[in-house]
Amino acid sequence: PGGAGRSESRIAPLSFDEIGGQERAKKELVEALDFLVKREQIEKLGIRPLKGILLSGPPGTGKTLLAKAAAQHTDSVYVAASGSEFVEMYVGVGAGRIRELFKNARAKAKKENKSSAIIFIDEIEVIGGKRDGGQHREYDQTLNQLLTEMDGIYGNESPRILLIAATNRKEMLDSALLRPGRFDRHIEVTLPDKKGRLHILNIHAKNKPLHEGSDLASVASQAFNFSGAQLESVMNEAAIYAMRENEALITNKHLTMAIDKVMLGERTDRETTH
Ligand code: ATP
């Protein structure tokens, strides 16, 4: 029981304003979402419906946030799953779960009276990896089922289904997924630049008491190559340091210790996994 799509309960409404940096990705995504928003116009012009959008980029850069914001922007229901949920020992189970995921999305949209549903699949490379001479038969069935479901999406159906998938390893994807009529919009989600980092820090500082002398711009400069998820961690760790010192406000000292901690944590992770 449960199966794909059970992560639905994680959803909270989220807007593009709560995503820091990523200006280009947001703009490209909003443009692509016009396909759902301006549905009538698209039909009248005879434009092929958009079935899938692929978000690719390093971990923790906001791909999941973008998919959630896309659902809010288009007033769609949001159903999420991860590629690894479809990997099963028994042949056919993964394919069944894909069917179930699409069925759930349609049912949920009907129940909530919405005209569209966004299905988000994280780690798509787990099911959509390149096929290598029949070695992974079970994955093949799952991928084939996904392709079948995508081919079954038409512009005039109700509810409209849009699939958004995310991957850290776009080069691993089977070409069948990248053909026109499948995931034919690709959006790169990159590590934030300094301005983006400051924006993200400010978003995660909103609910935190900062000392008036604390300098997030300097944190943004120091946190070179940090992802959004790491920047969120910096703000959280800084608050924990303040708590340990029994201080009511977060100061530069706490922020500096937090940067070191997040940087060091990453390094230790890398040393133990490689
Ligand atoms: P993965 O590839 O590992 O699944 P992801 O790109 O989907 O990662 P998210 O799950 O969207 O990353 O981000 C994880 C967390 O990091 C978010 O819940 C948020 O707290 C923070 N975060 C990441 N990117 C941003 C951003 N651009 N703006 C604000 N917060 C961010």
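**A walk through the predicted model**

Let's start with helix α1, whose buried residues are Ala 25, Lys 26, Leu 29, Ala 32, Leu 33, Phe 35 and Leu 36. This helix runs over residues 23–37, and its 15 residues should span 21 Å at 1.5 Å a residue; the end C-alpha atoms are 20 Å apart, so the two values agree.

Please keep in mind that you are looking at a predicted model. How confident is the predictor? The mean pLDDT of the protein is 89, with 89% of its residues at 70 or more. For the complex, the predictor gives an ipTM of 0.97 and a pTM of 0.90. One stretch to treat separately is residues 5–10, where pLDDT stays under 50. For these residues the model has 15 contacts beyond four places in sequence.

Now turn to the largest pocket, with a volume of about 370 Å³. Its lining is made of 22 residues, and Gly 60, Thr 61, Gly 62, Leu 65 and Ala 229 are the ones that lie nearest the centre. Two or more lining residues come from each of α3 (63–73), β4 (160–167), α8 (194–205) and α10 (228–244). Sorted by class, the lining holds 7 nonpolar, 9 polar and 6 charged residues.

Our last stop is Ser 218, which you will find in helix α9, residues 216–222. Is Ser 218 buried or partly exposed? Its relative accessibility is 28%, so Ser 218 counts as partly exposed, given that buried means under 20% and exposed over 50%.

Note on methods: Residues are numbered from 1 along each chain as its sequence is written. This is a predicted model: local features need pLDDT of at least 70, side-chain atom pairs count only at pLDDT 80 or more; totals for chains, interfaces and linings use all residues. Side-chain values use heavy atoms; hydrogens and water are left out. On a 1 Å grid over the protein atoms alone, a cavity is a set of points where a 1.4 Å probe fits but cannot get out, and a pocket is an open set with protein on both sides within 12 Å along at least five of seven lines; lining residues have an atom within 4 Å of a point. Grid points are joined across faces, edges and corners, and a volume is the space filled by probe spheres set on the points. Helices (H or I, at least four residues) and strands (E, at least two) are DSSP runs, numbered from the N terminus. Ala, Val, Leu, Ile, Met, Phe, Trp, Tyr, Cys and Pro count as nonpolar, Asp, Glu, Lys and Arg as charged, and the others, Gly among them, as polar. The expected span of a helix is 1.5 Å times one less than its number of residues. Buried means under 20% relative accessible area, exposed over 50%, partly exposed in between (1.4 Å probe, protein chains only). pLDDT is the predictor's confidence in each residue, from 0 to 100. Contact means heavy atoms within 4.5 Å.
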